[in-house]
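Please consult the sequence and structure below while reading.

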Amino acid sequence: MTTTMKLAAGSILLGLAVLALKALAWWLTGSVALLSDALESIVNVAAAIAALVAIGVAQRPADQGHPYGHHKAEFISAVIEGVLIILAALLILHQAWGALQSPRMLEQPGLGLAINAFASVLNGLWCWVLIREGRRRRSPALVADGKHLLTDVISSMGVLAGIGLALATGWMILDPILAMLVGVNILWSGWKVVTASVSGLMDEAVSDRALSEIRQIISDRAEGAIEAHDLRTRHAGRATFIDFHLVVDGQTTVAEAHDICDRIEAALKEHLPDAQITIHVEPEHKAKHSGVLVI
C-alpha cells in the first residue's frame with residue numbers, strides 16, 4: 001500500500017472516530033446544530049471511502065484499454081465527494097428548518113460541547129496533513145478530502161461559539177439558525193469541490209506558473225534546435241501531459257534530434273516526475289517565428 005493510500009485509509013478510521021464523538025455530543029445535548037455537525041461526519045466517512053477506492057484505481061499502470069493510465073479516477077472521486085457534501089447540506093437545512101419551528105433547551109451542554117470540540121481538533125490536525133501531503137503527492141482526491149474536512153472544522157468552530165452564545169443569552173433559537181448557516185456553508189463548499197474537479201475532467205491546462213517553468217526548461221535544454229511551438233499541457237491527478245513541436249535544422253540527423261528530445265524529456269521529468277511527454281520533430285521550414293518559444 002502506497003503512502004497516498006495509507007493516508008486515504010487513515011481518513012476513514014479518523015472519520016469513524018470523529019463521527020462517534022460528534023454523535024455522542026448530539027445525543028447528550030439534543031442540539032440540532034450538533035446534529036448537523038454529526039451528519040457532515042457521515043459524509044466525511046463516505047467521501048474518504050470514495051477517495052481510497054479512486055486512489056487505488058488511479059495508481060494502476062496503463063494498460064491496453066487505458067493507454068494513458070487511470071489518473072482521472074481521482075477527479076471522479078472528488079466530484080462524488082462534492083455531490084455528497086451538497087446532499088449533506090440539504091439534509092442539514094431540512095433538520096434545521098424543523099427545529100426552527102420549535103426550539104428546545106439543551107441537556108448536558110458542557111460535556112457535549114467539550115466532546116465536539118475535541119473531535120474538531122482531531123479533524124483540524126488531519127485536514128492539515130491531507131492538504132499538505134495531497135499537494136506534495138499531487139493527489140486531487142487527498143486535497144479534496146482535506147479541504148472538505150477544513151470546512152467541517154470551520155463550521156464546527158462556528159457551531160461551538162454560537163451554542164455558547166445561545167446558552168449565555170438563553171436565546172435557544174440560535175441553535176437551529178446556526179445549523180442553517182452550517183448547511184449553507186457546506187453547500188458552497190460542495191459546489192466548489194465539484195467545479196474544481198470537473199475542470200480536471202475537462203483536461204484543464206497546468207497553471208500559468210507551471211507552464212512558464214515548462215517553457216523555460218525546454219528553452220534551457222533544447223540546444224541544437226531552432227524553436228518549440230504548439231506547446232500544450234493538461235493534468236490528471238499526479239500526471240502532467242506535455243506535447244509540442246520541436247523545429248530542428250534540416251541537416252540535423254535523426255540521432256541528433258533524438259538526443260535533443262531525450263535531453264528535454266529528462267529535464268522535464270526531473271521537474272515533473274510523473275510527466276508524460278510527446279515531442280513531434282519538424283524541419284526548419286515548419287518554424288512559425290511568432291507567438292512561440294524561440295530557442
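The sections below describe the cavity, the pockets and the aromatic contacts of this predicted model.

The structure contains 1 cavity of 30 Å³ or more. The largest cavity holds about 40 Å³ of space, and its lining consists of Ser11, Leu14, Gly15, Asn44, Ala48, Trp126, Asp145 and Leu149.

Helices α1 (3–29), α2 (32–58) and α5 (140–169) each contribute at least two residues to this lining, with α1 giving the largest share, 3 residues. By class, the lining of the largest cavity comprises 4 nonpolar, 3 polar and 1 charged residues.

## Largest pocket

The largest pocket has a volume of about 930 Å³. It is lined by 34 residues, of which Arg135, Pro140, Val143, Lys147 and His235 are the closest to its centre.

At least two lining residues come from each of α3 (73–101), α4 (109–136), α5, α6 (174–201) and α7 (208–221). The largest share, 9 residues, belongs to α6. The lining of the largest pocket divides into 14 nonpolar, 13 polar and 7 charged residues.

## Second largest pocket

For the second largest pocket, the volume is about 190 Å³. Among its 10 lining residues, those closest to the centre are Arg234, Phe241, Ile242, Asp243 and Thr278. Strands β1 (225–236), β2 (239–248) and β3 (275–283) each give two or more residues to the lining, which has 4 nonpolar, 3 polar and 3 charged residues.

## Aromatic contacts

The charged end of Arg234 lies over the ring of Phe241, at 3.9 Å from the ring centre.

Terms used
Residues numbered from 1 in each chain as written. Predicted model: local features only at pLDDT ≥ 70, side-chain atom pairs only at ≥ 80, totals over all residues. Heavy atoms only, no water. Lys NZ or Arg CZ within 6 Å of the ring centre and 35° of its normal. 1 Å grid on protein atoms, 1.4 Å probe; cavity = no way out; pocket = protein on both sides within 12 Å on 5 of 7 lines; lining within 4 Å. Points joined across faces, edges and corners; volume = space filled by probe spheres on them. Helix = DSSP H or I, 4+ residues; strand = E, 2+ residues; numbered from the N terminus. Nonpolar A, V, L, I, M, F, W, Y, C, P; charged D, E, K, R; others polar.
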